[in-house]
Structures are given as structure tokens and as C-alpha cells.
Amino acid sequence: MIQPLAYIHPEAKIAQNVVIEPFAIIHKDVEINEGTWIGSHAVINEGARIGRDCKIYPGAVISSTPQDLKFKNEYTRTFIGDNTTIREYATISRGTEEHWKTEIGSDCLVMAYAHVAHDCRIGNHCILTNNVQMGGHVHMGDWAIIGGSSSVLQFTRIGAHAMISGGSLVRKDVPPFTKAAREPLSYVGINSIGLRRRGFDNDKINQVQEIYRYIYMRGLNNADALTQIELELPPSDERDEIVNFIRASERGIMRGPSSNGERE
């Protein structure tokens with residue numbers, strides 16, 4: 001299943017039923033698991049660990065040297081989970097000594113021309129649409145979606161099930177279950193359609209919506225809003241996830257729909 005015009009370093013570890021098309025390049029210290037397809041002219045660099053049943057399309061570059069002036073050629077890696085698709089000319093950098101690895105989970109889709117920088121951690125079932133540009137150390141929760149041509153500032157966090165509009169500049173953390181749009185990036189509601197598709201019932205969706213009323217609609221600062229949420233709303237996994245995400249935010253979260261400034 002490996003075409004003779006592909007280059008495979010003799011130290012690379014390739015499963016028996018991997019397909020590697022002509023002119024693909026696989027460097028040393030690479031592991032590619034069963035059922036994965038590597039398209040023509042894709043380049044898989046040192047430190048890549050690619051899961052089962054992945055698809056790496058032509059021109060994609062995986063585990064490239066970080067675009068970080070502090071990088072001193074330390075040994076780092078890139079992990080890509082099972083059943084993940086990397087489309088044409090997407091680029092994914094390996095980690096630095098800060099985290100030692102870049103991670104993309106399982107069942108993800110990284111569309112054409114997207115860039116995932118060093119030390120990013122992307123969860124499972126995530127989508128990066130065409131030409132998303134992601135700075136280093138970004139953390140993206142499961143089921144999150146970033147619209148096309150968006151730019152994500154380094155060290156930003158994107159919560160699980162969040163959906164970010166195309167063309168966005170993501171400078172602040174985006175809490176879980178939300179929709180984000182406009183400039184500056186703002187809360188525009190919860191991702192109710194996505195949550196229903198993933199099995200959330202109306203009671204859970206309504207509870208998430210009520211939590212964000214406290215955060216964005218009552219004129220409270222974040223600390224007071226979180227305190228009232230814990231005192232007045234019933235505990236749940238979703239409530240705890242939102243509260244913990246906001247409390248851990250170092251950048252502050254995105255502004256509300258009618259805020260005059262970004263929330264800290």
C-alpha cells in the first residue's frame with residue numbers, strides 16, 4: 001500500500017495497511033497506525049504520532065518545527081488521534097519545552113490551509129474550518145467549532161461545544177456551550193442547535209442558558225455572577241464546567257452582547 005515514489009525513512013513505523021501515495025515524505029521517528037491514508041506531497045516530520053483511520057490530504061505538513069524563536073531543537077512530538085482528517089495544505093507544528101507536544105484529538109476535522117501552532121491542545125470532535133490560524137498554546141475543548149479565516153491568539157482557551165463565527169479575532173477565552181461572533185468577539189447566545197444534535201435535552205439547555213443570563217445579562221462582574229450561580233442554581237456537570245472554566249481564565253472571557261468593554 002506504499003507507492004514506490006513515496007519517501008519513507010527506514011526508522012519510521014508504519015502499520016501494514018497504511019496507504020501512502022506517491023511523493024509523500026515520511027521522516028524518521030514517525031508512527032502511523034492502521035487504516036490511515038497519506039496523500040501525495042504530504043510531509044510527516046519527526047515526532048509525529050498519527051492514529052488509526054486518519055486521512056492526511058495532499059500538501060499537509062505535520063509535526064513541523066515550531067515557529068517560536070525560543071525553540072532550541074528540543075525533542076518534542078505531535079499527537080493526532082484516531083479518525084481525524086487533515087485537509088490540503090494544513091500545517092501543524094510540534095511542541096516546545098513548554099508542553100513538549102501538540103495534540104489533536106480523535107474524530108476532528110482540520111480544513112484546508114488551517115494552522116495549528118506549537119503546544120496547542122485540541123479535544124475530540126473539533127472542527128477548524130478553512131484558513132483558521134491558531135497561535136501557540138491554545139486549548140480547545142471537545143466538540144468546539146471555529147469558523148473559517150478566524151485567528152486565535154496564543155494561550156487562548158475555547159470551551160467545549162463552543163461555536164465561533166467565521167472571520168473572528170479570538171483574543172479572549174470563549175466559555176463552554178456558547179456562540180461567539182461580532183468584533184470585538186462577543187457572546188451571542190448558547191450553541192443550542194449543536195447541543196441538541198449531541199443529545200442534550202431541553203432541561204439541560206435551559207439550565208445552560210440561565211447560567212449565562214447570570215454572567216452576561218444581570219450587570220454582575222464575573223466573581224459575583226459565579227457566586228450567585230453556585231448559590232441559586234442546582235448543581236450539574238454543565239454548571240461546574242462553566243464555573244470552573246471562567247474561574248481558571250487568565251485572559252478573561254469574551255464580552256457580553258451589550259458590554260462597553262471586555263470582561264476580566
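What span should the 15 residues of helix H2 (residues 202-216) have at 1.5 Å a residue, and how far apart are its end C-alpha atoms?

Author: This is a predicted model, in which local features need pLDDT of at least 70 and side-chain atom pairs count only at pLDDT 80 or more, while totals for chains, interfaces and linings use all residues. Residues are numbered from 1 along each chain as its sequence is written, and side-chain values use heavy atoms, with hydrogens and water left out.

Helices here are DSSP runs of H or I with at least four residues, and strands are runs of E with at least two, numbered from the N terminus. The expected span of a helix is 1.5 Å times one less than its number of residues, so the 15 residues of H2 should span 21 Å, and this agrees with its end C-alpha atoms, which are 21 Å apart.

At the start of H2, the backbone nitrogen of Asp203 has a side-chain oxygen of Asp201 within 3.2 Å, a polar contact (a pair of N or O atoms within 3.5 Å; within protein, one must be able to donate a hydrogen and the other to accept it, and residues adjacent in sequence count only if both atoms are side-chain atoms).

Along H2, the buried residues (under 20% relative accessible area, with a 1.4 Å probe and protein chains only) are Ile205, Gln207, Val208, Ile211, Tyr212, Tyr214, Ile215 and Tyr216. These buried residues pack against helix H1 (192-197), helix H3 (222-232) and helix H4 (237-247), and also against strand S26 (178-181) and strand S27 (186-190), where contact means heavy atoms within 4.5 Å.

Elsewhere, Thr129 lies in the loop between strand S18 (127-128) and S19, and at 18% relative accessibility Thr129 counts as buried. The side chain of Thr129 reaches the backbone oxygen of Ile146 at 2.7 Å.

Conventions. Buried means under 20% relative accessible area, exposed over 50%, partly exposed in between (1.4 Å probe, protein chains only).
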